[in-house]
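Please keep the sequence and the coordinates open while reading.

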Amino acid sequence: MPKAYVNGGWGASAIFMAMSGMLSCIACRMLIDVGLDINIFSYPLIVEKVLGKKSRFVLELAIAITQFGFVISFCVYLLESWKTSVDTIFDTETSIISYAVIVFIIFTAMTWVRDLAKFSFAFIFGVILVLVTVTYVIFYACNEIAENGPGPDVMFINPAGYMNTIGYTIYCYEGIGIVMPIMATCDQPKRFKEILTYAFIVLIVFYISYPEIAYFGWGSSMDQPIITQMLP
């Protein structure tokens with residue numbers, strides 16, 4: 001995300017992020033209204049009810065392609081992070097292929113587990129690690145700004161890369177496919193729209209403030225797509 005802000009500029013990226021968040025929130029709220037109105041808590045079934053079976057097929061195909069893209073991007077992030085950590089700790093240069101084989105085996109085994117509750121501990125542990133990393137990055141970037149001022153070539157809009165940032169900001173909020181399943185598990189589905197709106201507000205604020213701090217900390221010197229690769 002900080003790298004995306006370098007591509008777009010601190011002002012334009014923030015505007016794109018806010019606009020994408022608001023549009024996504026509006027779309028999700030509209031979906032909730034339709035689900036409550038026809039009493040169906042399934043995105044594909046809602047589309048079939050409103051637009052027909054062909055539209056449902058197109059939707060399910062689009063969701064499948066999108067989720068496939070998410071898996072690929074997550075695997076790339078995982079491999080890069082794993083390799084960087086090992087190479088830095090042991091002062092060596094390892095092959096990324098070995099990590100790819102391990103990740104492929106682990107992920108393949110995980111797909112056989114149908115009860116996601118079994119991964120609850122790992123999920124909580126992962127969230128804690130993310131929070132620790134984000135907190136460290138924020139403090140490190142703030143320290144850099146306090147000691148050296150903003151990074152080099154900080155600009156409001158980067159004419160060379162802002163179009164990439166637009167696509168990325170839309171990608172950040174992609175998750176409309178899970179709105180209905182989550183609402184279906186709520187004790188009070190009619191209040192879910194209110195909860196979802198608050199969640200979007202928190203996300204928009206965080207998605208703007210965190211990369212802004214990192215961008216001002218490193219500026220154009222940020223040449224790595226993963227922010228942890230910029231840390232000493």
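## Helix lengths

The expected span of a helix is 1.5 Å times one less than its number of residues. The model discussed here is predicted. Helix H5 has 15 residues, and its first and last C-alpha atoms lie 21 Å apart, close to the expected 21 Å.

Ser95 caps the N-terminal end of H5, with a side-chain oxygen 3.3 Å from the backbone nitrogen of Ile97.

## Overall fold

The chain has 9 helices and 0 strands. Its pattern along the sequence is α-α-α-α-α-α-α-α-α. Taken along the principal axes, the box filled by the C-alpha atoms is roughly 55 × 40 × 30 Å.

Of the 232 residues, 30% count as buried. Among contacts with a separation of 6 or more, 74% are between residues 24 or more positions apart.

## Helix H4 and its cover

Helix H4 covers residues 53-90. Its buried residues are Leu59, Phe70, Cys75, Leu79, Ser81, Lys83 and Asp87. What covers the buried residues of H4 includes helix H3 (43-51), helix H5 (96-110) and helix H7 (162-172).

The side chain of Ser85 reaches the backbone oxygen of Ser81 at 2.9 Å, and Ser81 is among the buried residues of H4.

Gln229 belongs to the segment after helix H9 (192-218). Although Ser85 and Gln229 are 144 residues apart along the chain, their C-alpha atoms are separated by 8.7 Å.

Which residues does Gln229 contact, leaving aside its neighbours within four places in sequence? They are Glu80, Thr84 and Gln224. With Thr84 there is also a polar contact between side chains, at 2.9 Å.

## Packing of H2 and H7

Two packed helices are described by the angle between their axes and the distance between the axes. For helix H2 (residues 10-38) and H7, the angle is about 35° and the axes are 9 Å apart. The crossing of H2 and H7 is right-handed.

On the H2 side, the residues that meet H7 are Ser13, Phe16, Met17 and Ser20. Their partners in H7 are Tyr162, Thr165, Ile166, Thr169, Ile170 and Cys172.

## Helix H9 and the aromatic residues

The count of aromatic pairs comes to 15. In one of them, the rings of Phe206 and Tyr210 have centres 5.5 Å apart and planes at 0°, so the pair is stacked. Phe206 and Tyr210 are separated by about one helical turn because they are 4 residues apart in helix H9. An α-helix has 3.6 residues a turn, so residues three or four places apart point the same way. Phe206 counts as partly exposed at 33% relative accessibility, whereas Tyr210 is buried at 9%. Tyr173, Phe200, Phe206, Tyr207 and Tyr210 form one aromatic cluster.

Thr197 is another residue of H9. With a relative accessibility of 18%, Thr197 counts as buried. Not counting residues up to four places away in sequence, Thr197 touches Cys25 and Arg29.

## Positive phi in two loops

Most residues other than glycine have a negative phi, and most peptide bonds are trans. Asn39 is not a glycine, yet its phi is positive, at about 60°. Asn39 lies in the loop between H2 and H3 and counts as exposed at 62% relative accessibility.

Asp153 likewise has a positive phi, near 60°. Its place is the loop between helix H6 (120-148) and H7. Asp153 is exposed, with a relative accessible area of 54%.

Note on methods. Residues are numbered from 1 along each chain as its sequence is written. This is a predicted model: local features need pLDDT of at least 70, side-chain atom pairs count only at pLDDT 80 or more; totals for chains, interfaces and linings use all residues. Side-chain values use heavy atoms; hydrogens and water are left out. A polar contact is a pair of N or O atoms within 3.5 Å; within protein, one must be able to donate a hydrogen and the other to accept it, and residues adjacent in sequence count only if both atoms are side-chain atoms. Contact means heavy atoms within 4.5 Å. Rings of Phe, Tyr and Trp (its six-membered ring) pair if their centres lie within 6.5 Å; planes under 30 degrees apart count as stacked, over 60 as edge-to-face and the rest as tilted. Buried means under 20% relative accessible area, exposed over 50%, partly exposed in between (1.4 Å probe, protein chains only). Axes are lines fitted to C-alpha atoms, for helices over the stretch in contact, and angles run from 0 to 180 degrees between N-to-C directions. A crossing is left-handed if the near helix is turned anticlockwise from the far one by less than a right angle, and right-handed if clockwise.
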